[in-house]
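Thanks for making the time, everyone. Let me put the structure up, and then I will walk through a few parts of it.

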Amino acid sequence: MQSAIRFHPPSYDIRVETIPTPRISDPDDAIVKVKYAGLCGSDLHAYRGHEIVDQVHTCGHEFIGEIVELGSAFGKAIDGRAPLYSTLKVGDKVVSPFTTNCGECAFCRAGVTCRCIHSKLFGCPALEGAQAQYVRVPKAGGTLYSLSDPALSQKYSSWANISDSSLLFLGDILPTGLFAALQAIHHPKLQATLSGIPWPLHMDTSPSVRTESPKDITLTFAIVGLGPVGLCAMIALADQASLKGFKLRIVGVDLNEARRQKAERVYATVCQTEGYTDAGISFVTYDGEAAKSAVSEYTEGAGCDAVLEIVGHDSALNLAYDLVRPFGVISSVGVHSERPFPLSGGNLYDKNVSMDFGRCPARAMLPIALDLLVKRQDVFAGVGTDASLVDRIVGMGDAVEMYKLFDKGDIGKVLFQPWE
Ligand SMILES: [Zn+2]
Ligand SMILES: [Zn+2]
């Protein structure tokens, strides 16, 4: 038997219960002994009763842990199978994306692992979650990422010092924030601005008109929602602007003042070591309405080149639409479960706005998210400090209280340590 944090429908009912330890039920399964399991904003959708969930289940979709049992598909090198089926061993340290993915279907091979034909979300009636002592991982050879791979200590000289609590971010919040950022920066709509060549000549194979040098261009991006994913998006945006050499003004928007202050401290910490100010990269925060006038002032009334919408609520999407400029981009990773959709075809037509929605392909993003995680241990490794993303690491006995505090926005990222 094991302890697990369980959700009882319809809403606001979390219990720590003793339930059977999961077993291998398919040759592709692995059983992971959980070291840390995250409490995430999307756990609140079921908790608040916003999602129709009619079954008691174990919560949580973010975890890091150790392999304790493998199905019979492991230990064999078979052509066409995901590589971990031949290399993963009992005792290996692993992290998992928040959804399962086989690593073998057409979607997985194309890198859009969130749309795997075998995809299941941990922590819902379809698949028991990870806020427990053990979790069963289906399609584990495709889903899991091995942190015991010797190539990692060769690639990263600081590998032995990377904190385990920070590695948990690879399961969801860091790939998702990075995905929101990259999806916007690489969007075709922004390539004219980034190249300094006006639309549509930037698509010409031998463009003859360059109005500005790319290094003289300042882009303005907004992030709507400064929870942990929004912070990861902010860190990713500043990093990308610095690597690619363009100037970037980032406007962070959140109604919660404590979150805005945390975001500013996190930015100040990463800024210290990176010389962002000299590179023309900046970060300011506002609540909703003030952001509109600030963006208007910064951009001579034009609006943001891109808005990252992290919240998944109608009001956040409406604000993103108000903030974005014509021919701009909205990159949305929030879970929108409300109906009907708050924007009309006319809204989109009137601004030539492009909108990208949907779940992050976390497993495919994981290796590049790891680069950023290793680089930014200054903010990712801390626990309970001014500029750390994790507020508290607690035992499962505190689960009921942590869900309450997290729901009210009175606490930031919480990790459960199921063996404490
Ligand atoms: Zn999550
Ligand atoms: Zn697949």
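Predicted model: local features only at pLDDT ≥ 70, side-chain atom pairs only at ≥ 80, totals over all residues.

Three strands, in the order S2-S1-S4, form an open sheet with antiparallel pairing, where strands are DSSP E runs of at least two residues, helices are H or I runs of at least four, both numbered from the N terminus, and two strands pair if DSSP finds at least two bridges between them. Strand S2 (14–19) and strand S4 (57–58) are at the edges with a single partner strand each, so each has one side without a neighbour in the sheet. S1, residues 2–7, pairs with S2 over 6 bridges in the antiparallel sense, and Ala 4 stands opposite Glu 17 in S2.

Residues are numbered from 1 along each chain as its sequence is written, and chains are lettered from A and ligands numbered from 1 in the order in which they are written.

Turning to the helices, the axes of H11 (residues 288–298) and H12 (residues 314–323) come within 10 Å and cross at roughly 15°, the axes being lines fitted to C-alpha atoms over the stretch in contact, with angles from 0 to 180 degrees between N-to-C directions. Gly 288, Ala 291, Lys 292 and Val 295 in H11 meet Leu 319, Asp 322 and Leu 323 in H12, contact meaning that C-beta atoms, placed from the backbone, lie within 7 Å.

Lastly, the span of residues 27–140 is 12% helix and 25% strand, and its end C-alpha atoms lie 10 Å apart.

How values were computed: Contact = placed C-beta atoms within 7 Å.
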